[in-house]
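Q: Please take a close look at the metal site in this model. I would like to know how the site is arranged and what surrounds it in the fold.

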Amino acid sequence: MSSHTHPISLQVGDALLIVDVQSDFLAGGSLAAPQSDEVIPVLNGYLAAFQQAGLPVLATRDWHPSDHCSFRPQGGPWPPHCVAGSAGANFASGLKLPVDVIVISKATDRQRDAYSGFEDTELDPLLRKAGVSRLFIGGLATDYCVLHTVRDALKLGYQTLLLQDAVRAVDVQPGDGERAVADMLKQGARAVTLNHIGAISP
Ligand code: VGL
Ligand code: ZN
């Protein structure tokens, strides 16, 4: 815990939401975000804290049909990635997701892209049913799915904490990731890092 930061105690009503930590966004993947593998050990730290506190963990995954509209052969901006059921769509093998992780698949419709985990999914009703009021959000990519998921979480009234040490950007244009972080903070997200979390003792 660094002295200039306030510790955060995990409490009932908190949940961890991990965004799209999938092989295609990692080193060697078809849409790899620079340094994205670095989020895995940090997310494992958050995962340990949430599991120790008995709090829910959710993970979104990009889950596209093979002819998705966001893919270049269909005129979209991206190389084909995260095709449902393919190896590239797997969660990072080193990510220690709990057995009871709640998986949210998104952007499953060929004709629509969806960067937010809340778009066309059961995420919001599911969180409400579970009594979640504060969401800790990290993963990939800062400038796309993390940005849009955080914006929607704020709009939907969740207290939203951005895991600043557990996100990486695609950075199509240099600075996209930094601008996305600034935008999220401006919209009301609070930035946290793992050393803020006071729940784990050795
Ligand atoms: C994403 C680009 C295309 C993301 C998904 O998960 O941030 N980015 N599809
Ligand atoms: Zn996608």
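A: In this predicted model, the 4 donor atoms around the zinc ion (ligand 2) subtend angles of 85 to 172°, so the arrangement is irregular. A tetrahedral label would need all angles to lie between 85 and 135 degrees. For reference, the ideal angle for four tetrahedral donors is 109.5 degrees.

The protein donors are Asp-62 through OD, His-64 through NE2 and His-81 through NE2, at 2.0 to 2.2 Å from the zinc ion (ligand 2). Along the chain the donors of this ion have the spacing D-x1-H-x16-H. Distant parts of the chain are linked in this way: Asp-62 belongs to strand β2 (residues 57–62), while His-81 sits 19 residues away in the loop between β2 and β3 (102–106). Asp-62 and His-81 are both buried.

Asp-62 is also one of the residues touched by Gln-22. Gln-22 belongs to the loop between β1 and α1, and its relative accessibility is 0%, so it counts as buried. Beyond four places in sequence, the contacts of Gln-22 also include Arg-61, Cys-82, Gly-88 and Phe-91.

Strand β2, which carries Asp-62, is part of an open sheet of 6 strands with parallel pairing, in the order β3-β2-β1-β4-β5-β6. The edge positions are taken by β3 and β6 (190–192); each has a single partner strand, so one side of each has no neighbour in the sheet. From one strand to the next, the twist averages 25°.

Helix α1 (residues 39–52) lies across β1 (14–19), β2, β4 (134–140), β5 and β6, and runs at about 145° to β5. Helix α3 (residues 142–155) lies across β1, β3, β4 and β5, at about 170° to β4.

The largest nonpolar core has 37 residues, and those touching the most other members are Leu-16, Ile-18, Val-21, Leu-43, Tyr-46, Phe-136 and Leu-163. At least two residues of this core come from each of β1, α1, β2, β4 and β5, and α1 gives the most, with 8 residues. Tyr-46 has contacts beyond four places in sequence that include Leu-16, Leu-163, Val-192 and Ile-197. Another core, of 24 residues, lies apart from this one and has Val-19, Leu-127, Met-184 and Ala-189 among its members.

How values were computed. Residues are numbered from 1 along each chain as its sequence is written. Chains are lettered from A and ligands numbered from 1 in the order in which they are written. This is a predicted model: local features need pLDDT of at least 70, side-chain atom pairs count only at pLDDT 80 or more; totals for chains, interfaces and linings use all residues. Side-chain values use heavy atoms; hydrogens and water are left out. Donors are N, O and S atoms within 2.8 Å of the metal (3.2 Å for Na, K and Ca); water is not among the atoms, so sites may look incomplete. Four donors count as tetrahedral if all angles lie between 85 and 135 degrees; four count as square planar and six as octahedral if opposite donors are over 155 degrees apart and all others between 65 and 115; anything else is irregular. Helices (H or I, at least four residues) and strands (E, at least two) are DSSP runs, numbered from the N terminus. Buried means under 20% relative accessible area, exposed over 50%, partly exposed in between (1.4 Å probe, protein chains only). Two strands pair if DSSP finds at least two bridges between them. Axes are lines fitted to C-alpha atoms, for helices over the stretch in contact, and angles run from 0 to 180 degrees between N-to-C directions. Contact means heavy atoms within 4.5 Å. A nonpolar core is a set of buried Ala, Val, Leu, Ile, Met, Phe, Trp, Tyr and Cys residues joined through side-chain atoms within 4.5 Å.
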